[in-house]
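Have the model open beside you, and let us walk through a few of its features together.

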Protein chains: 2
Amino acid sequence: MRCSVPVLLSGLMLISNMAHADELRERANAIFKPIPAKVTEVRGKAVSPDQAQLGHKLWFDPRLSRSHVISCNTCHNLSLGGGDNVTTSIGHGWQKGPRNSPTVLNAVFNAAQFWDGRAEDLQAQAKGPVQAGVEMNNTPERVVATLKSIPEYANEFKQAFPNDKDPVSFDNMAYALEAFEVSLITPDAPFDRYLKGDDTALDAKQKEGLALFMDTGCTACHSGVNVGGQGYFPFGVIKKPGAEILPAGDKGRFTVTNTATDEYVFRAAPLRNVELTPPYFHSGEVWDLEQAVAIMGDSQLGRTLKEDEVGAIAAFLRSLTGEQPHVAYPVLPASTSNTPRPE
Amino acid sequence: MRCSVPVLLSGLMLISNMAHADELRERANAIFKPIPAKVTEVRGKAVSPDQAQLGHKLWFDPRLSRSHVISCNTCHNLSLGGGDNVTTSIGHGWQKGPRNSPTVLNAVFNAAQFWDGRAEDLQAQAKGPVQAGVEMNNTPERVVATLKSIPEYANEFKQAFPNDKDPVSFDNMAYALEAFEVSLITPDAPFDRYLKGDDTALDAKQKEGLALFMDTGCTACHSGVNVGGQGYFPFGVIKKPGAEILPAGDKGRFTVTNTATDEYVFRAAPLRNVELTPPYFHSGEVWDLEQAVAIMGDSQLGRTLKEDEVGAIAAFLRSLTGEQPHVAYPVLPASTSNTPRPE
């Protein structure tokens with residue numbers, strides 16, 4: 001068989017392109033991991049359907065809040081990417097919270113919860129907002145009294161925690177919420193399909209963005225299955241952003257560890273579904289994904305990214321949007337005359 | 001065939017009881033009507049699936065409010081009997097609304113909407129809370145700008161209203177909400193099964209309550225498919241209740257008609273699922289169903305109902321709880337950079 005020079009050349013280019021494509025995927029697979037199809041365990045223990053179903057109800061129940069108006073879903077809205085798309089959440093008495101609400105979607109894959117990682121798991125996390133004065137403003141005692149006053153809940157706790165002497169507890173409420181939350185994952189994003197071998201899942205610009213995301217050093221903080229959420233890093237490692245983006249009063253992880261080097265240190269934001277969760281950063285002051293990428297280049301990498309670089313990286317980030325969880329809106333058991341009244 | 005006297009007597013008593021039972025049902029069927037299995041029309045016009053699906057999304061979308069935090073479902077919560085189970089609703093800026101939130105369930109069967117009937121249908125009703133300063137605090141212009149800024153919504157409006165030149169409109173938003181709301185009905189309550197001939201659907205106490213409900217005159221206001229919601233009546237027709245229950249400042253239908261005889265006149269509350277929707281009355285100041293029944297006897301009938309009469313009527317009212325609608329929690333289309341920001 002004889003080949004003409006042009007055919008030979010284009011064949012060689014194809015092989016070189018394929019090798020290049022495989023190399024990019026190989027590099028990506030060394031840094032990231034696809035979202036699994038399902039999570040059925042809470043920290044190594046199988047989730048029981050009773051626990052998950054109970055958690056599903058509690059998730060949407062506004063009676064966990066003092067006002068009976070705010071549920072977990074108010075600030076972690078499953079119809080809007082698992083956050084609330086406002087600068088900082090609005091809570092009890094219309095108080096504004098100090099930080100932007102992180103998405104619950106894929107939160108199970110984060111190394112720890114909250115912007116400062118102060119909760120080691122989703123059970124510990126769930127206890128926070130229920131009690132926070134600016135959020136749900138409730139107390140464990142009042143929550144337990146509320147749940148115990150509703151016979152259907154008492155039964156469901158008994159079924160979900162059959163070995164507990166006193167199954168309706170604040171701990172078990174939080175555990176049931178965690179059992180539901182582990183199901184709130186978003187598999188099958190274009191990026192996941194790409195990692196698994198589907199070369200057509202990302203377009204040329206998104207691949208360019210992926211290469212830039214790895215080459216410029218974004219992956220130093222944003223890696224793993226959640227493209228972030230795994231470690232703690234100073235915001236403004238090279239150059240501090242302005243006070244509107246990094247308010248002086250919020251010292252981040254410093255308030256958890258009380259260690260000077262943890263001032264303005266935050267958990268690297270997990271970037272799954274990031275296009276669905278503006279505004280960005282813990283302060284929630286940046287609405288535009290491109291602007292957020294440019295700020296990161298500037299403050300974290302000391303590099304002024306060109307407009308087309310920013311565009312390519314943002315295009316790659318938009319490939320992280322997966323299949324959103326479809327859940328039922330539950331019918332909740334009714335309050336009784338013993339249920340503490342809203343305040 | 002020969003019968004002993006005791007057998008004959010008990011046979012006669014059975015026949016007499018059956019006749020009595022049939023008579024009670026007959027009387028009830030002349031006053032009330034069962035909830036139908038389905039409603040597929042909006043005021044005589046077939047609902048299209050596209051309209052209903054769009055309405056389903058809009059129902060849960062907090063971006064119809066100025067804050068992006070309050071949706072229709074916040075105050076008409078489908079997981080809690082279609083109301084919010086607080087005295088008066090909490091709205092924009094944590095303002096307290098002037099009246100208790102009426103349930104959306106079976107609202108399609110009411111003669112008019114709101115406690116004072118100021119909206120003639122659900123489309124007209126839907127425009128109210130979106131604009132009310134103490135509720136969602138938005139403007140039609142801002143709502144339309146929000147919906148138009150989201151391409152998926154623009155498409156869905158086009159599909160739902162194919163003959164409209166400018167399908168994304170405040171009117172069509174309200175119409176789509178109505179198209180969804182007509183599906184929010186609660187068929188198959190024990191009382192419905194009783195009306196249709198199932199004698200075991202109500203127990204003896206509930207039948208006694210039903211008889212009392214008709215005999216004492218409750219049905220003068222509370223009749224029809226919704227056991228109320230059909231006409232306007234003065235609260236305190238015989239005796240005015242205390243100012244905490246009937247605040248002097250809220251003159252009810254008077255503000256709609258400006259007619260002196262409409263002072264303190266309200267739409268008779270529809271009593272379907274009433275056990276799920278405390279607190280009661282337009283003021284939302286009474287939490288206990290038995291207490292609400294006693295107050296009604298006193299103020300509307302001029303009759304101090306005995307404790308067992310109150311108990312029987314309340315037992316009957318609890319037979320009005322039907323099958324609650326099971327709906328999906330929708331995934332909403334994402335905002336864009338053109339979407340007006342929350343305020």
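## Helix packing in chain A

α11(A) and α12(A) cross in a right-handed manner. Keep in mind that this is a predicted model. The axes of α11(A) and α12(A), the latter spanning residues 307–318, come within 9 Å and cross at roughly 115 degrees. On the α11(A) side, the residues that meet α12(A) are L289(A), E290(A), V293(A) and A294(A). Their partners in α12(A) are V310(A), I313(A), A314(A), L317(A) and R318(A). Sorted by class, this contact has seven nonpolar residues, two charged ones and no polar ones.

Helix α2(A), residues 49–60, packs against helix α6(A), residues 151–160. α2(A) and α6(A) cross in a left-handed manner. From α2(A), the contact draws on D50(A), Q51(A), L54(A), K57(A) and L58(A). α6(A) contributes Y153(A), E156(A), F157(A), Q159(A) and A160(A). The class count for α2(A) with α6(A) is five nonpolar, two polar and three charged residues.

Two packed helices are described by the angle between their axes and the distance between the axes. Here are those values for both pairs:

| Helix pair | Angle between axes | Distance between axes |
|---|---|---|
| α11(A) and α12(A) | roughly 115 degrees | within 9 Å |
| α2(A) and α6(A) | about 145 degrees | 8 Å |

## Where chain A meets chain B

How many residues of chain A are in contact with chain B? There are 35 of them, facing 35 residues of chain B. About 2800 Å² is buried between chain A and chain B, and carbon and sulfur atoms give 71% of that area. Within chain A, the residues that lose the most area to chain B are S79(A), W94(A) and Y329(A), which together make up 27% of what that side buries.

Which elements supply the side of chain A that touches chain B? α3 (72–75) and β5 (327–329) of chain A each give at least two residues. The largest share, three residues, comes from β5(A). By class, the side of chain A that touches chain B holds 20 nonpolar, 12 polar and three charged residues.

## Backbone details

Most residues other than glycine have a negative phi, and most peptide bonds are trans. With that in mind, a few places in this model deserve a look.

In chain A, P278(A) and P279(A) are joined by a cis peptide bond with omega at about -5 degrees. P279(A) sits in the loop between β4 (265–267) and α11 (289–301) of chain A. In chain B, the peptide bond from P278(B) to P279(B) is cis, with omega near -5 degrees. P279(B) is found in the loop between β4 (265–267) and α11 (289–301) of chain B.

F114(B) is a residue other than glycine with a positive phi, near 80 degrees. To find F114(B), go to the loop between α3 (72–75) and α4 (122–131) of chain B.

Methods
Residues are numbered from 1 along each chain as its sequence is written. Chains are lettered from A and ligands numbered from 1 in the order in which they are written. This is a predicted model: local features need pLDDT of at least 70, side-chain atom pairs count only at pLDDT 80 or more; totals for chains, interfaces and linings use all residues. Side-chain values use heavy atoms; hydrogens and water are left out. Axes are lines fitted to C-alpha atoms, for helices over the stretch in contact, and angles run from 0 to 180 degrees between N-to-C directions. Helices (H or I, at least four residues) and strands (E, at least two) are DSSP runs, numbered from the N terminus. A crossing is left-handed if the near helix is turned anticlockwise from the far one by less than a right angle, and right-handed if clockwise. Contact means heavy atoms within 4.5 Å. Ala, Val, Leu, Ile, Met, Phe, Trp, Tyr, Cys and Pro count as nonpolar, Asp, Glu, Lys and Arg as charged, and the others, Gly among them, as polar. Buried area is the accessible area (1.4 Å probe) that two parts lose on being put together, summed over both.
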